[in-house]
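Dear colleague,

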Amino acid sequence: MYLRKYQPSDCKELTELFYNTVHSVNAKDYTKEQLDAWATGNIDLENWNRTLDEHYSVVAIEDDIVVGFGDIDKTAYLDRLYVHADYQGQKIATAICDQLEQAVDGNITTHASITARPFFEKRGYKVERKQQVERQGIYLTNYVMVKER
């Protein structure tokens with residue numbers, strides 16, 4: 001597995017990985033209704049490309065397959081971190097997160113799903129608060145987490 005910088009040609013594949021990961025990996029912690037509101041399948045590719053391009057974004061590749069990606073912005077907000085359902089537990093998220101964290105200074109904030117919370121806790125992130133996020137009239141629980149540095 002290796003990491004490389006995001007390229008605009010990755011965008012569609014990353015949105016598909018996002019959708020499939022949410023609907024499989026996160027299904028143990030969220031209802032189908034919540035998953036459908038979180039990852040609708042109707043992605044604004046232009047917006048995704050713009051934010052991935054503006055942020056420090058990396059893509060994980062294994063045998064020419066995109067197996068994960070993540071991004072962090074200039075304020076040290078870790079926005080997205082997703083690993084393909086078939087590649088969970090292989091330290092891919094760890095490698096992506098290591099690189100993202102090294103790209104910024106200061107404390108890092110993320111909004112972690114119920115599913116991702118234990119991963120971030122193992123990395124030294126602390127829960128600041130639990131919150132309910134509204135997506136299309138549906139509420140999803142996540143956690144504002146901070147890693148102090």
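This is a predicted model: local features need pLDDT of at least 70, side-chain atom pairs count only at pLDDT 80 or more; totals for chains, interfaces and linings use all residues.

Residues are numbered from 1 along each chain as its sequence is written, and side-chain values use heavy atoms, with hydrogens and water left out.

The structure contains eleven salt bridges, a salt bridge being a side-chain nitrogen of Lys or Arg within 4 Å of a carboxyl oxygen of Asp or Glu. One of them joins D98 to R123, with 2.7 Å between the closest N and O atoms. Since D98 belongs to helix α4 (residues 92–102) and R123 to the loop between α5 (117–122) and β6 (126–135), the pair ties together parts that are 25 residues apart in sequence. Helices here are DSSP runs of H or I with at least four residues, strands are runs of E with at least two, and both are numbered from the N terminus.

R123 also meets the side chain of E101 in a salt bridge, at 2.9 Å from N to O. E101 lies in helix α4 and R123 in the loop between α5 and β6, so this pair ties together parts that are 22 residues apart in sequence. As for accessibility, buried means under 20% relative accessible area, exposed means over 50%, and partly exposed is in between (1.4 Å probe, protein chains only). R123 is buried at 14%, and E101 is buried as well, whereas D98 is partly exposed with a relative accessible area of 33%. D98, E101 and R123 are linked, together with K147, in a network of salt bridges.

A further salt bridge is formed by E121 and R117, whose closest N and O atoms are 2.9 Å apart. Both residues lie in helix α5, four residues apart, which is about one turn of the helix. E121 is partly exposed at 36% relative accessibility, and R117 is partly exposed too, at 27%.

Finally, where is N26 found? N26 sits in the loop between α1 (11–25) and α2 (32–38), and it is buried, with a relative accessible area of 5%. Leaving aside residues up to four places away in sequence, N26 touches T21, L35, W38, S113 and T115, where contact means heavy atoms within 4.5 Å.
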